[in-house]
Amino acid sequence: MLNLKTLLIEAKTNVGLFDAKFTFEKGLNIIRGDNTTGKSTCIQAILYCLGMEELLGGKNQKTMQSALKTELAYKGKVHPILESMISLEVSNDNETITLRRMVNSEQRDPRLIEIIFGPAISSPQVSYRTQVAYVHDPGAATDETFGFYAFLEKFLGLNLPRVEHFEGAETKLYLQTLFPAFFIEQKSGWADFLATEPRYGIRNVKSKAIEFLLNLDITENSRKRQAVAQKKAELIGRWEGAHSAATKTARNCGGKLKGIPIKPTTLINMDEAGIIVIKEEQEITFGNYMHEIQEQLRRLENTVVPTVGVAAENTIKAMNDAQNQLNIKSLRHDTMFSEITEDTNKLAGLTAQLQNIENDLRKNKSAKKIQDYGMQLNIHVAEQSCPTCHQEVKDFLLQQDLEQVPMSIEQNIDFLEEQKKMVLAYIAGQKHAVVHKQELLNSLRQEIGELRRYVRTMRRELISDERFPSEIEIERKVTLRQQVANLSKTDDSFSDHLKEFKELSKEYEDILKEESVLPKEYFSEKDKVKLNALESEFKSLLVEFGYTSKSEDYVSISRDTYLPSVEALNIKTGSRDYNIRYDSSASDFIRSIWAFTCALHKVSQRSAGNHPSLIVFDEPAQHSMSNESMAKFLKVLESYTGAQIIVAASFNNSESDYLETTKGRRFNLNRIKEVLITPNMENPV
Amino acid sequence: MRCFKVLTFNKRPISISPEYRPMYRVAQIVMVLKIASTKNTASLLKLHFFSWAMRSKKNMDEARELALADTLTYNNLWSVEPSLNRALTYVIAEGLVNVEKGKYHLNNKGELLFSSIEKDDNLFLQEKEFLNSVKKKISDNRLQRLAKWWEHKYA
């Protein structure tokens, strides 16, 4: 809750102190003054003291009028200002504080706001605690000790959420983004809903501000959804890491990973997950492979090592067999290699085809869009009719009496999408084939290498002394023993991998559960109730204020932007929603801003929202607003007794208009007679 | 026993290039006149040139080279398509383009269509990029001279 109590503007000139003081109460307050008496200066001063001058389009004292900064005029004379400052007494539900900020000062920096913990204007005392906080410097919104906005946020009892930033990062929903919803200043505030909204690179900043003011669940839900999405992404990263580590382990023993998908899953079939080894172009499980090698070793261990001479005949036979094998495998290798090359070329061709299809699709979609634009501009040919004789023309630039009928654009787009699906499927299949063949090739290479070594060893032996023991057998024993040792290491290592996958899988299941608990629909039931209330309140206020540009049946609050919109019916494209601005007269648009601002406050108040229960309107009677509408406006504002409304108005500089518009109204009046800042009571000037 | 085999043919609509859609070509013409022509005016030859250029990325690259090059020589001939002429009759009949002194000039209604196209960040991105990269560098005169040069060289 934010309640303004007293505003004090002080300026020290060469002829003494000048000031202006305003007191505000709960309910309706009117600041009345003719044009150019400085009402807007007063409103701007309030914003400045709250650190909200960015709504005026800049930072710091440059946003203030010269009448507060450099010189002020009084009774025909101009006096240079030596020092000026603004003080504002405000209260929330519990305490009253005074904010003080320099406008023109050599001693104190205008980027600092002094916070005095007490009503220092209405009852000044030396004993109040004071604190200094800074605005605009980095950290002003987050630094709880020295940041002004962080302080103000806490003072107002708000807890601002984190929201999405354009560059993907997260940032705070700065306090300044809320103010344009209830603080409408004269210079730019009447141009649009939340017209003076500073951006800060926040995505959909206006919607986020309104969501927060209404305290919609969607803000919290968005945050939860984002948190879960982040956890999920992180898990996917860890899973992929585990997957590549497991693949490496598999490759180390000449095999590949099977039964574990690259994307996380909740179902891991532990029986199917394992390493598959490729031997002789066959796939065998790791278990069987290890068993085979162990068998081979066992058989060897039980035989006696013969001499070279005794083993010679077998050795020769074995060598010839091996050589044959080698020849067959080499041939197979070369064939496979050229097959892979051919397949890779095919893949390149398919990829080029895909690009062409995508290009054509893009152009067709553009053609469809431009047809819609053409229809909006009443271009006949976009609706397939002749601009001159209005007969039907076909949807193509070829001869009109062709025997072959071309498709419509929509049919063409469907056709191309089907083609694209088909080509993508081919590409996937082709990629898979290439990967598979590459695996076979690698295993062949390994086998060829082994065979070559084997043949070399045998050749060496056959020319050695025949009394020596056959080295081949010994070597084979050693090799096999080593293989068995490696395989058992791989086995252990793979068990660890499997354990990791099991854990990751369980984590994934938990995340999916969290995800499923999040509300399916965008808005919760409470949110829907609030938005419906906003809509009906807005519509009834429109009628109350005398809005006539559009029937209220066609007016609604957009569930995308939360801003007033109007339904327009286009026969070809169906209905569309437009900002109510486009269909309203100038004064009617102003009425809609009145209605929206009030409705937003009312709904927030009724449903425990975050609206500070303060609304400020600077010159709401824009565009020659009728006195009748203005009177109705003030009547509605008067009814918001639980809040504080401040209206600064000139009433067309007419006493009769003032009386007519405020007839029967009760409010706190601040009257600016001729000029805003006048000599202080004790200044004899 | 006689066996009759009956074969039925169903005439299905055929897919055509989006270049043959009237509104697509109309938009193309509007963009060329606004972005790549001085005073929103271009000759027929230039419109055919740009129509050819925007048909493929390869053509656009060659057109860009022509825009940057100072020399008159140019190796690739561009084509002239009757479908563009048909599109031009539409564009004039719809009141988007006027014919002034034998050249085509984009008028206010055409400018309206162009602003719809320009505002849309998802429409004709490649084409907009291409046209903005050559801007007004390819003039009517230049293309005229090129055409004449070919006549002398090849005809």
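Student: How many residues of chain A are in contact with how many residues of chain B?
Tutor: The model is predicted, so local features need pLDDT of at least 70, side-chain atom pairs count only at pLDDT 80 or more, and totals for chains, interfaces and linings use all residues. Residues are numbered from 1 along each chain as written, chains are lettered from A in the order written, and side-chain values use heavy atoms, without hydrogens and water. Contact means heavy atoms within 4.5 Å. On this rule, the residues of chain A number 38 and those of chain B 35.

Student: What area is buried between chain A and chain B?
Tutor: Buried area is the accessible area (1.4 Å probe) that two parts lose on being put together, summed over both. Carbon and sulfur atoms give 62% of the area here, and the total is about 3,200 Å². In chain A, the residues that lose the most, together 24% of what that side buries, are Lys363(A), Ile370(A) and Leu397(A).

Student: Which residue of chain B meets Lys363(A) in a salt bridge?
Tutor: A salt bridge is a side-chain nitrogen of Lys or Arg within 4 Å of a carboxyl oxygen of Asp or Glu. The rule finds 3 across this interface. In one of them, at 3.2 Å from N to O, the partner of Lys363(A) is Glu19(B).
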